[in-house]
Amino acid sequence: MTAGQVPAPGPAPTRSWTASLRTRITGVLPPGQALPDRQPAYVASWIYVFGVLSLAALVVVIGTGLVLSMGGVAWWHDSSLGHFVNSLHLWSVEIFFAAMVIHLWGKFWMAAWRGKRGLTWVTGVVAFVTSIGTAFTGYLSQSNFDSQWIGSEGKDGINSLGAGAWFNVLNPGQMLMWHIVLLPLAVGFIVVVHVVLVRRHGVVPPLDAAEPGAPVSRTEAD
C-alpha cells in the first residue's frame with residue numbers, strides 16, 4: 001500500500017451467537033480483570049486472606065461431598081475411609097464458615113459496598129445465608145440420632161414459618177436431595193456471581209486508601 005492510500009475496510013462483524021456472547025462476556029468482565037497478576041499493596045493485609053480461604057474451603061467441601069455421594073449414605077458410617085472423608089467434609093465446612101464470618105465482618109467494617117460494590121456485598125450476604133441452609137440440611141442427612149434430634153426439634157420452627165408443607169425436615173430423603181443438589185447449585189451460582197463482581201469492580205480498598213485509578217488530588221501529589 002502506498003502513502004495516502006486508504007486501507008480496505010475489514011470484514012463486516014458477524015451477527016452470530018458466539019460473537020454476541022463474547023461481546024457480552026467482555027462487557028461484564030473486560031480482558032485482564034479475570035486473573036490479574038498485580039494487586040494494590042493493601043491487598044497484602046490479612047483481612048483480604050479470608051475471602052480466598054473461604055473459596056479454598058468450599059472447593060474441599062464440594063470435592064469431599066462428591067466422594068461421599070458416590071459411597072452412599074451408609075458408607076460414611078461403616079467404612080474407615082468413608083469416616084475419614086466424612087470428617088474432612090465436616091472440618092472443611094467448619095473452616096468455610098469460620099473464614100466466611102471473619103470475611104463478612106471484615107468487609108462490613110470496611111464498608112465494602114463503596115464504589116458501586118453494593119451488589120457484590122449483597123451477593124456475599126446471600127451466599128452466607130444460603131450456606132447456612134445447606135449446612136442445616138447436611139446435619140439432617142447424617143442418618144444418625146443426632147440428625148433425628150435436630151429434625152424433631154426443627155420441625156416446629158419450620159412449620160411456624162409456613163414452609164413445612166414443602167420443606168419437611170423429618171423426611172431424610174428430601175433433606176438429602178436439598179443438601180446435595182438444590183442448595184449446592186444455589187451456593188455455587190451465587191459464589192460465581194460474587195467472584196465475577198469482585199473481579200469486575202476490584203477488591204474494596206481500606207477506608208483511608210484511594211480507589212485504584214482514582215485521580216490523585218493535588219495535596220496528595222505534593
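Trainee: What should I know about the source of the model and its numbering?

Mentor: This is a predicted model, in which local features need pLDDT of at least 70, side-chain atom pairs count only at pLDDT 80 or more, and totals for chains, interfaces and linings use all residues. Residues are numbered from 1 along each chain as its sequence is written, and side-chain values use heavy atoms, with hydrogens and water left out.

Trainee: How many helices and strands does the chain have?

Mentor: Helices (H or I, at least four residues) and strands (E, at least two) are DSSP runs, numbered from the N terminus. By that count the chain has eight helices and zero strands.

Trainee: What share of the residues is buried, and what share of the contacts joins residues 24 or more positions apart?

Mentor: A residue is buried when its relative accessible area is under 20%, exposed when it is over 50%, and partly exposed in between, with a 1.4 Å probe and protein chains only. Of the 222 residues, 28% count as buried. Contact means heavy atoms within 4.5 Å, and among contacts with a separation of 6 or more, 72% join residues 24 or more positions apart.

Trainee: Which residues have the most contacts inside the largest nonpolar core?

Mentor: In soluble globular proteins, nonpolar side chains tend to be buried together. A nonpolar core here is a set of buried Ala, Val, Leu, Ile, Met, Phe, Trp, Tyr and Cys residues joined through side-chain atoms within 4.5 Å. The largest one has 13 residues, and Phe96, Phe97 and Val191 have the most contacts inside it. At least two residues of this core come from each of helix H2 (49–71), helix H4 (80–109), H5 and H7, with H4 giving the most, four residues. Both domain 1 (45–100) and domain 2 (111–204), whose bounds come from an automatic or database domain assignment, supply at least three residues to this core.

Trainee: What does phenylalanine 96 touch?

Mentor: Not counting residues up to four places away in sequence, phenylalanine 96 touches Ser54, Ala57, Leu58 and Ser131. Leucine 53, found in helix H2, lies 43 residues from phenylalanine 96 in sequence, while their C-alpha atoms are 7.4 Å apart in space. Leucine 53 is partly exposed, because its relative accessible area is 37%, and beyond its neighbours within four places in sequence it is in contact with Ile95 and Ala99.

Trainee: Is arginine 199 buried or exposed, and where does it sit?

Mentor: Arginine 199 belongs to helix H7 (residues 172–201) and counts as buried, because its relative accessibility is 19%.

Trainee: Which residues form the nonpolar patch on the surface?

Mentor: Patches are made of residues with over 30% relative accessible area and no salt bridge, where like charges are joined within 9 Å and nonpolar side chains (Val, Leu, Ile, Met, Phe, Trp, Tyr) within 5 Å. Accessible areas come from the Shrake-Rupley method with a 1.4 Å probe, and for residues only the protein chains shown count as cover. Here Val101, Trp105, Phe108, Trp109 and Trp113 form a nonpolar patch with about 560 Å² of accessible area together. Tryptophan 105, found in helix H4, counts as partly exposed because its relative accessibility is 48%.

Trainee: How many salt bridges does a search of the whole structure find?

Mentor: Side chains of opposite charge can pair when their charged atoms come close. A salt bridge is counted when a side-chain nitrogen of Lys or Arg is within 4 Å of a carboxyl oxygen of Asp or Glu. The search finds one, in which the side chains of aspartate 156 and lysine 155 meet at 3.0 Å, N to O.
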